[in-house]
Every structure is written in structure tokens, then in C-alpha cells.
Amino acid sequence: MDLSAITKHSALHAKPRGLLLQYGTAGFRMKAEHLDHIMFRMGLLAVLRSKQTKSTIGVMVTASHNPEEDNGVKLVDPLGAMLAPSWEEHATYLANAEEEDMQRVLIDISEKEAVDLQQDAFVVIGRDTRPSSEKFSQSVIDGVTVLGGQVHDYGLLTTPQLHYMVCCRNTSGQYGMATIEGYYQKLSRAFVELTKQASCSGDEYRSLKVDCANGIGALKLKEMEHYFSQGLSVQLFNDGTKGKLNHLCGADFVKSHQKPPQGMEIKFNERCCSFDGDADRIVYYYCDADGHFHLIDGDKIATLISSFLKELLLEIGENLNVGVVQTAYANGSSTRYLEEVMKVPVYCTKTGVKHLHHKAQEFDIGVYFEANGHGTAAGDAIADMLVIEAILALKNLTIEQWDALYTDLPNRQLKVKVADRKVISTTDAERQAVTPPGLQEAINDLVKKYRLSRAFVRPSGTEDVIRVYAEADSQESADSLAHEVSLAVFDLAGGIGERPQPVKHSNFEG
């Protein structure tokens, strides 16, 4: 390790003194102006991880569904998975080291992980369309090269495409060709093959409106559409030619505001979906005959896919164990439908992709989607869109029929500000509060007042707030239960500021 060269280069990507950041599920993410040193250092870390695993490691420059002025970075492990938790800690340690401690920290990580510094290292890089992403990719490359690593810069990619490249490179091409062409061909061939078996009805030529969040998804879908155009025609909106990334559009906006993105008119009977900024999340939606907006979120997507797999296995007489993994946020109706109607076992884990992923690996076929439309560890909106379209074609389902598989119970999520979020600890996949004493009993008593109801509270992972979730047989009941639970949290868990107020209604409830 040429320590003097590292010190010299690091000074060109100097860390603002005292700035502390944490590597989370989504890597590092914040305002772009504070990230240059992080990019350089993640280039260094990727080299150490590559030497340790004797594999190609990926570095993705993106802030996903965040506003355009933010950016972020995450590392991709050898099989296209998220970075191992012990290395998330190393990432945080390295990111927060002051300039004069950099050498010591790098040596420390290398020794802890028994990294053979003579081993070759190879790192691949991808980036989204943010104005700051190109410069940041260069900072990552600086970090990789100063530690003697080799680098291949793929340029503009969706996050899942970089995960794909890493997996291909580490399986000697068995997973697919590590090129953008290879990605398009692998997915499109599977889609075309599957949809060939669909019985042709009047809806012969299937079309779909896609909101690309003014992000990278638009560029890649444009390049890819002719590969699968015989089975599906896509019409792109918010394709980045004029709007700002994720502004009033994209999966996150549609999910949280329960309304269509800007710039997309929806007619009755049209199928629509939205990607997020780096195309790893997807939600579907439509307008009914009365013009009401209906959202189809990750729970309903998981239900469609797992039911389809279950039926296929029954058809061929294969006895593989299928399991659906959800968090406490999954709507109670989806859990009931899967368990009682489809007879698919459902398991609940703590919130966060890594917990879902870990549980899903216990099954022959594990299916999981967060309600926000992020499915599987990497999440791939393009692949999810194609599998959904294939299943709807094969089962000859309209979007309304898919939506009618079950009706979501009305629900409400609220936040309560507290002095210290650590006051609340939970068990049973975050569905029961252990501390403070008396809180769970209070929630149980409140839940008893309403039909088909449940409620839980959990500390936020990032700020001093407690998140409250409630569902019940009507929106009024869900709102009222959520409000009463937040008062209990405020009183028993050290709420600060003004007491929670009853929920006000917006026009977009439905």
C-alpha cells in the first residue's frame, strides 16, 4: 500500500472536519456538496473488499428516490447482493476518519479482515443521471487506482443493472453476459418466451404507460424496448427531457401522495406504473370508471407473483416450499389473502431489506416486496414490470381484476417526536413494544375498540421520531386509532413539542 500516495490523493478529496456519516441500507446518501471525500474513500474500500473476496466489487453512484440535489454511493458484493454488514461498519469507520487518521484506518481494516494486499483487485462503477454523478464517479476511480485496483466504468446504469454486471463477472458469465446488451437479452428473452404462451384475446396488443421519474430508467427502457416490443408496447413519461429527477413524479411520489405523477393523463382502463430515480422500485396504478385513483403497491405485486408461482408448482406437481416475507407494514388484507385463499405461508420480519432478504433465503422460492415497491435485495423495476406484464397476460387479468384480489384495509401512518427514540424497544418483528412499560398494554386496549384493527409503534432508524401504524375497517377508525396510539406514545415515551393533533383529511384518500 503506497501510503504517501493515498495521503496526497486524499487531500484532493478532503473531508470537511467533524462531518460524521453512517453507511445504512442505502449506502451513504445526502446533499451532493458534502460527498466528494466519501466517493474517493469508497473507491479505496471497494479495492480492499475486492482483494479480500478475490472477486469483482461494484460501486454505484446514486441517491435513488431522493431529490436531484442529493447524491449517494453504495457498494455491491460479489453475487450482486448488498454489502456485508461487517463491511458497512468499515465503510462508516473509513468515511468518518479525519485526514491524518486515514492511513491508520486503512491498515486497521486490512488487518481486521486479513486482506492480502498483493491480491489483484477489480472494481466496476455505474452512475445515475444526477448532475453531480459523473464527477463523483471520477472520485471513486481516483480511490480505486491509488490503491492499485483495476476499474471498468459502465457509465450510466440503473442500480439493478450494476448488480447484474457484478454477478455476471463473478460467475464467469453463467448468470449472463456482463454487458448492457446481455442484460437486455436475458430479461427480454424470458419475457417473450413466457408471453408466447398467453391465450390471445381482444387485448392482443398490450400497452403500458411508464413514469420514469425523470431518471436513468427512461434512458435504459428506451434502449431496451425494441427487444420486447412484440409482447408489450411502453409509452414513457417523465423521461428526463424536461422535468427534474423525482420531482412530482416517480414511485415514491405516487405512493406517498396517492395520486398520478405530473405530466401523465390517465384514462379509464389504462395500466400505468412508476419507477423511482434509479429504477429499483415500481408501483402500478389506474383510474376506475368514476375517475378514482387506485394504487397497487408492493404487497399486491408480491401477492400476484407468489400466487402465480404457487399455481405453476401445483400444475407441474413440484413440491418446492414457497414463502412470502413481509414486514409489519404489509396490509392485513394481503396477509389474510395469501394465507387463507392462496395457502401460501407468510412470515414477518423487522423493517429493512436485509431482514427480508435473510428470511427469504430460507425457502426454495422466497418472495418479498416492501410496500414501497422495492422487491428483492437489489430490486429491479424493469424486471418486475416485465414479470407483472407476463403474469397479467398469461392469467388474462385486467389491472382492475388484479386489484380486486383483495381490498386493502384503510390505514394511517403518523410520526411522534420524542426526546430519545431509544426509549422504545420492540419484539415480534416490531409488532410489540417491550419498553416503555405500559405502552403495549395501552395499545392493546385501544385496538380492542375497533373492528379488523391492529396497530404498532417503532423507533425510526434515522431520526428521533416514533413511527405509528394503524389499520381498521374504515378510514375514520384507522385515523382515530392512529391518533389515540400517538397520544399514548407521546405520554409514555417522552413526546416533545405539541401534543399530536387528530388527522386532517386530504382529497386523495381512496
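**Entry 1: Leu 48**

I looked up Leu 48 and found it in helix α2, residues 36-53. Helices here are DSSP runs of H or I with at least four residues, strands are runs of E with at least two, and both are numbered from the N terminus. The model is predicted: local features need pLDDT of at least 70, side-chain atom pairs count only at pLDDT 80 or more, and totals for chains, interfaces and linings use all residues. Residues are numbered from 1 along each chain as its sequence is written, and side-chain values use heavy atoms, with hydrogens and water left out.

Is Leu 48 buried or exposed? Leu 48 counts as buried because its relative accessibility is 0%. I used these cut-offs: buried is under 20% relative accessible area, exposed is over 50%, and partly exposed is in between, with a 1.4 Å probe and protein chains only.

Next I listed what Leu 48 touches, leaving aside neighbours within four places in sequence. Its contacts are Trp 87, Leu 106, Ile 109, Ser 110, Val 115, Leu 117 and Leu 147. Contact means heavy atoms within 4.5 Å. I also checked Gly 80, which is 32 residues from Leu 48 along the chain. Their C-alpha atoms are separated by 17 Å.

**Entry 2: a surface patch**

Leu 117 came up again on the surface. Together with Met 1 and Ile 107, Leu 117 forms a nonpolar patch there. The three share about 200 Å² of accessible area. Such areas come from the Shrake-Rupley method with a 1.4 Å probe, and for residues only the protein chains shown count as cover. Patch members have over 30% relative accessible area and no salt bridge; like charges are joined within 9 Å, and nonpolar side chains (Val, Leu, Ile, Met, Phe, Trp, Tyr) within 5 Å.

I placed Met 1 in the segment before α1 (3-12). Met 1 is partly exposed, because its relative accessible area is 36%.

**Entry 3: Leu 304 and helix α10**

I moved on to Leu 304, in helix α10 (residues 298-316). Leu 304 has 2% relative accessibility, so it counts as buried. Which residues does Leu 304 contact, leaving aside its neighbours within four places in sequence? I noted Ile 388, Ile 391, Leu 392, Leu 397 and Trp 402. Ile 125 is 179 residues from Leu 304 in sequence and 34 Å from it in space, C-alpha to C-alpha.

Then I looked at how α10 sits against helix α11 (residues 332-341). The two axes come within 10 Å and cross at roughly 10 degrees. That makes α10 roughly parallel to α11. On the α10 side, the contact uses Asp 299, Thr 303, Ser 306 and Ser 307. On the α11 side, it uses Ser 334, Tyr 337 and Leu 338. Axes are lines fitted to C-alpha atoms, for helices over the stretch in contact, and angles run from 0 to 180 degrees between N-to-C directions. Angles under 35 degrees count as roughly parallel, over 145 as roughly antiparallel, 65 to 115 as roughly perpendicular, and the rest as oblique.

**Entry 4: salt bridges**

I took a salt bridge as a side-chain nitrogen of Lys or Arg within 4 Å of a carboxyl oxygen of Asp or Glu. By this rule I count 31 salt bridges.

Arg 130 and Asp 128 form one, at 2.7 Å from N to O. Both residues are buried.

Glu 270 pairs with Lys 209, with the closest N and O atoms 3.0 Å apart. This pair links distant parts of the chain, 61 residues apart. Glu 270 is in the loop between α9 (251-257) and β8 (272-275), and Lys 209 is in strand β6 (residues 207-211). Glu 270 is partly exposed at 21% relative accessible area, whereas Lys 209 is buried at 8%.

Asp 420 and Lys 422 are bridged too, at 4.0 Å between the closest N and O atoms. Asp 420 counts as partly exposed at 32%; Lys 422 counts as exposed at 67%.

I also found a salt-bridge network that links Lys 15, Arg 17, Glu 98 and Glu 100.

**Entry 5: backbone checks**

Most residues other than glycine have a negative phi, and most peptide bonds are trans. I looked for exceptions.

Lys 343 has a positive phi, near 55 degrees. Lys 343 lies in the loop between α11 and β12 (346-349), and it is exposed at 55% relative accessible area.

Leu 452 also has a positive phi, about 50 degrees. I found Leu 452 in the loop between α15 and β17 (454-459). Leu 452 is partly exposed at 43%.

Which peptide bond did I note as cis? The bond from Thr 435 to Pro 436 is cis, with omega near -5 degrees. Pro 436 is in the loop between β16 (432-435) and α15 (439-447).
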